[in-house]
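Q: I would like to go through this structure step by step. Could we start with the terms and then move to the details?

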Amino acid sequence: MAQEAHGALHDLLAVRGVTRRDFLKYCGSVAAMLGLSETMAPQIAAALEGAPKLMPALWLNGGSCTGCTESIAQVDTPDVATIVLDYLSFEYFETIMAAAGSWAEKNITKRAEEGGYILVYEGSVMTGQDGNTLFVGGGPENEGAKKGIEILEEAAANAAAVLAIGSCAVDGGWIAGYPNASEATGVAAWLQKKGIKTPVVSMPTCPVNPEWVVAMVVQLLLVADRDPAKFLQVTPMVEVPYNDPVTGEKVTLLMPKAIYGQTIHDNCPRRGHFENGEFVTELGSKEEAMGYCLYKVGCKGPQTFTQCPVTRWNRRASWCVESGAPCIGCGGLNWVDNNSPFLKRMSDMRIGDTFVQPGTIGAAVGAVAAAGLVLHGIGMKAAGRIGDGPPMEEMKAYDRKRLAKKGGDK
Amino acid sequence: MARVVVDPVTRIEGHLRVEVEVTNGKVSDAWVSGTLWRGMEKVLVNRAPEDAFWVSQRICGVCPISHSHASAQSCEDALGIKIPNNARIIRNLIEAAQYLHSHILWFYTLAALDYVNPVNALNADIADTYALAQAAGTRIADFGAVAARLKAFVENGQLSIFTGHEGWFGVGAEKHPGYVLPPELDLIATAHYLEALELQAVAAEIIGIMGGKFPHQMTSIPGGTAFVPTEQKLDDVLFRFTRVKEFIDTALIPDTLAIAPYILDAASFGGGCGNFLSWGVFEAEDLDPYNRYLPRGFVEVSKGLTAQEVGPDDVTEDVDHSWYDVPSGLNPKDGQTVPKFEPYSTQGKYSWGKAARCKGVPAEVGPLSRMLVAYVNGRPEVKSIIDDTLAKLSKAAGAQLQPTVLVSLLGRVAARNLEAKVVADWSIAWVLELIEALKGGDSSFFVTERADSGQGAGLWEAPRGSVGHWMTVEGGKIANYQVVAPTTWDIAPRDSKGVPGPMEQALIGTPVVDSERPLEVMRVAHSFDP
Ligand code: SF4
Ligand code: SF4
């Protein structure tokens with residue numbers, strides 16, 4: 001049931017009161033987010049103008065806090081951005097839809113049968129207690145309820161592509177932090193285990209940054225003509241290998257390179273202070289007032305691959321480091337275990353069941369990270385510029401305990 | 001007798017299921033079920049106490065700020081930390097921004113569609129709409145343009161998200177009888193729905209500026225705040241609070257008063273258990289919870305409109321009807337988390353939520369609780385706005401309404417919007433307070449000294465209700481962590497004695513006009529902002 005967009009783009013712009021100039025400006029910022037030159041703006045605008053149809057979409061919440069939905073509501077220049085999002089015709093979106101109960105559930109089943117849609121998935125895949133840590137849609141006495149994992153499988157199997165948004169959907173997020181009592185995992189690993197071949201684009205950070213979602217929608221709907229195969233072709237991706245401890249699957253997570261290709265540290269405005277050895281050693285101090293580098297209070301910018309300093313948050317109002325807080329690396333994999341204690345710098349990381357020091361992590365996360373760390377962290381330490389500060393932790397206490405107990409609970 | 005089920009309850013945070021029994025057109029029994037379990041408390045054990053600030057707020061993407069503050073306070077209580085005055089004000093401001101964001105979002109984005117029919121708005125006469133907006137003293141928008149936009153949405157099928165494929169609102173003979181507003185008011189509210197999308201984001205920008213990002217902020221770290229304001233940032237914050245306050249004054253409050261006369265029947269049901277808890281929120285200079293801007297207290301209406309003292313030891317949790325394998329009746333500081341699913345049964349276990357109880361009875365939490373506690377404490381700003389609103393509604397109802405009329409669906413909806421107004425006024429004053437403090441030379445934002453063991457509780461209020469975090473720290477690591485979230489209170493299942501929870505009690509007696517589309521059930525569920 002493809003739906004025709006009756007209003008051409010200029011009608012939509014007129015209805016929203018958006019000028020063509022604003023629109024081009026916005027396309028320029030999307031181009032930048034996609035890693036293209038801003039001179040591509042007219043081409044993106046042309047692609048938008050030529051788009052004849054809406055693309056149906058389903059938005060599902062797994063084990064989520066609804067933070068990613070909240071985040072999407074914080075998108076920049078919403079008048080223009082919503083025009084892009086309006087190309088998606090959401091037929092199921094729990095947090096905004098009027099209908100409830102079976103009235104709402106019908107929409108998923110119907111669309112899944114018809115196919116040709118995008119699935120946006122927010123939250124973890126809840127496999128614990130035999131999948132009963134999340135269930136939806138039962139009748140009286142819960143007759144006929146579906147487990148969250150069943151709904152995901154049904155909706156993903158026939159989708160053109162899945163956008164796994166936010167860290168929870170990527171690898172289970174904080175919910176999968178040790179001991180992962182609800183056995184949460186990510187969309188890509190679960191679908192691979194179930195033999196579902198729909199391509200999954202993984203977009204971590206907790207919550208997802210809304211601008212990046214808009215950029216991916218532009219890319220998929222317009223630059224790639226709604227063709228997921230072409231989408232994967234025209235969107236440079238970093239391929240991140242990940243051993244999922246819940247499913248035992250080795251997956252290759254696809255993350256858009258323009259967004260997840262460089263470290264925060266690479267683009268951080270405080271980087272000059274880092275190079276000069278000017279550090280904040282106490283939160284909220286006069287060094288913070290001078291905007292010094294947060295490395296010594298635990299900043300995970302050097303090991304975290306996102307565009308946060310460039311895109312920023314809340315319609316460019318600010319971002320973590322600018323507000324005076326160290327990055328906690330919520331855009332990394334297994335971010336809670338790998339990055340806590342957050343106020344200590346460069347603790348060791350856990351990849352699956354192996355523990356590695358950041359200097360040797362290159363093989364798994366990308367050689368750039370390791371080089372960055374060696375150069376800027378460990379290298380500087382050798383040069384004696386880092387000096388004192390909170391100690392490096394060799395291994396976190398709970399990991400030590402767990403290793404000793406071989407996987408037992410506390 | 002018939003069973004009616006709403007699962008999922010949409011337009012909320014998280015996953016909720018409501019099952020009711022309808023007898024003679026009214027709900028005669030109700031079971032409310034939380035259908036998701038994630039295990040936050042277990043993730044926190046053995047980590048650094050400060051880390052709970054970042055991780056625990058991710059329980060809820062709509063009220064993360066309040067969780068982060070409750071967590072920071074539980075850590076500060078456990079480790080003997082007293083935060084600097086600047087940090088107190090900055091936390092109040094971040095919290096206030098979240099209140100304004102959340103209340104605007106709740107009324108327009110989440111709850112409005114229970115009362116406002118955007119399909120019906122297409123029948124509005126544009127000239128009449130302007131006249132009605134003027135008469136109601138509510139905000140004028142380009143109503144013609146909004147109607148055109150709506151029409152485009154309907155024509156290209158994008159309104160299906162609002163209508164459901166087969167029509168939740170319905171048209172013609174199928175029109176849902178519960179939607180009773182005139183089309184002009186539907187159009188006004190739809191216009192403000194669209195504006196609210198912008199204003200909730202402006203409020204969230206304030207959190208972005210002072211807290212790094214929203215949802216999930218970064219700066220209220222145990223010990224104070226990592227945010228050191230500049231003059232520019234304070235200007236940015238003040239400007240945004242002023243814009244949001246203006247929207248609340250010119251849209252949220254008049255819209256509430258314009259819609260209320262059409263739903264006065266909502267004053268006669270949906271009241272619930274009649275016990276109201278508030279831990280208190282917005283810290284005063286002395287950091288005394290009974291002296292907070294919205295103070296701490298417990299009101300049992302059956303015992304009269306007075307507030308009792310209440311503290312962390314008054315809380316217990318029962319699990320007789322919840323999927324846990326732990327003893328009932330534990331205080332959260334000794335709380336345990338051992339999940340154990342078994343088949344859903346309204347006779348047996350039917351929820352992932354524990355049954356939180358205060359002084360042994362179910363307790364409603366949220367704006368209505370806070371406003372009642374503040375009202376009986378005689379907080380002048382709260383008292384005057386409630387008395388004023390009651391006077392206005394009395395006129396519409398043609399009868400003198402008493403404060404106890406607030407214990408109803410209508411009261412719960414109104415209390416939230418009135419609270420938004422009170423907090424918006426305060427927020428401006430707090431920015432000025434911070435500017436004065438900084439001008440006076442106070443440059444302290446964070447204290448680093450702390451003990452490495454202790455037990456503490458952070459009891460605070462999220463926009464949707466009382467939030468408590470309990471933390472035990474041993475040798476610099478978290479030994480036990482328990483959270484009693486707002487939703488835990490309100491959607492609580494039956495307890496050991498079989499007494500239903502607050503939302504369950506509020507549902508009992510609710511009329512159900514169309515059991516296929518149980519709109520009134522949605523209204524009551526949404527009124528808690530679960
Ligand atoms: S360590 Fe953090 S604050 Fe310092 S330059 Fe790198 S990313 Fe920026
Ligand atoms: S800066 Fe770091 S903590 Fe902040 S959102 Fe980006 S990855 Fe997450």
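This is a predicted model: local features need pLDDT of at least 70, side-chain atom pairs count only at pLDDT 80 or more; totals for chains, interfaces and linings use all residues.

Q: How many helices and strands does chain A have?
A: Chain A contains 21 helices and 13 strands.

Q: And what share of chain A is buried?
A: Of the 410 residues in chain A, 62% are buried. The accessible surface of this chain is about 14,400 Å², and carbon and sulfur atoms account for 55% of that surface.

Q: What about contacts within chain A between residues at least 6 apart in sequence: what share joins residues at least 24 apart?
A: That share is 70%.

Q: Let us take one helix. How many residues of α8 in chain A are buried?
A: Helix α8 of chain A, residues 148-157, is mostly covered, with seven of its ten residues buried. Among them are I149(A), I151(A), L152(A) and E153(A).

Q: Now the ligands. Which residues are closest to ligand 1?
A: The closest are H265(A), C268(A), C293(A), L294(A) and C299(A), out of 13 residues that surround ligand 1. Two elements of chain A, α14 (264-267) and α15 (271-276), each give two or more residues to this shell. By class, the shell of ligand 1 has nine nonpolar, two polar and two charged residues.

Q: And where does ligand 2 lie?
A: Ligand 2 lies between chains A and B. It is surrounded by 14 residues, and the closest are C308(A), C320(A), C327(A), I328(A) and C330(A). The shell around ligand 2 has nine nonpolar, four polar and one charged residues.

Q: Changing topic: how many aromatic pairs are there over all chains?
A: A search of the whole structure gives 25 aromatic pairs. One of these is the stacked pair W37(B) and W352(B), with 5.8 Å from centre to centre and 25° between the planes.

Q: Why is the pair Y344(B) and Y350(B) called edge-to-face?
A: The planes of these two rings stand at 65°, with the centres 6.4 Å apart, so the pair Y344(B) and Y350(B) is edge-to-face. The cut-off for that name is an angle over 60 degrees. Y344(B) and Y350(B) are both buried.

Q: Now the backbone. Where is the cis bond that involves P8(B)?
A: The peptide bond from D7(B) to P8(B) is cis, with omega near 5°. P8(B) belongs to the loop between β1 (2-6) and β2 (16-23) of chain B. F214(B) and P215(B) are also joined by a cis peptide bond, with omega about 0°.

Q: Lastly, is R315(A) buried or exposed?
A: R315(A) is buried, with a relative accessible area of 12%. Its phi is positive, about 55°, although R315(A) is not a glycine. Most residues other than glycine have a negative phi.

Methods
Residues are numbered from 1 along each chain as its sequence is written. Chains are lettered from A and ligands numbered from 1 in the order in which they are written. Side-chain values use heavy atoms; hydrogens and water are left out. A residue is near a molecule or strand if one of its heavy atoms lies within 4 Å of it. Ala, Val, Leu, Ile, Met, Phe, Trp, Tyr, Cys and Pro count as nonpolar, Asp, Glu, Lys and Arg as charged, and the others, Gly among them, as polar. Rings of Phe, Tyr and Trp (its six-membered ring) pair if their centres lie within 6.5 Å; planes under 30 degrees apart count as stacked, over 60 as edge-to-face and the rest as tilted. Buried means under 20% relative accessible area, exposed over 50%, partly exposed in between (1.4 Å probe, protein chains only). Helices (H or I, at least four residues) and strands (E, at least two) are DSSP runs, numbered from the N terminus. Contact means heavy atoms within 4.5 Å. Accessible areas come from the Shrake-Rupley method with a 1.4 Å probe; for residues, only the protein chains shown count as cover.
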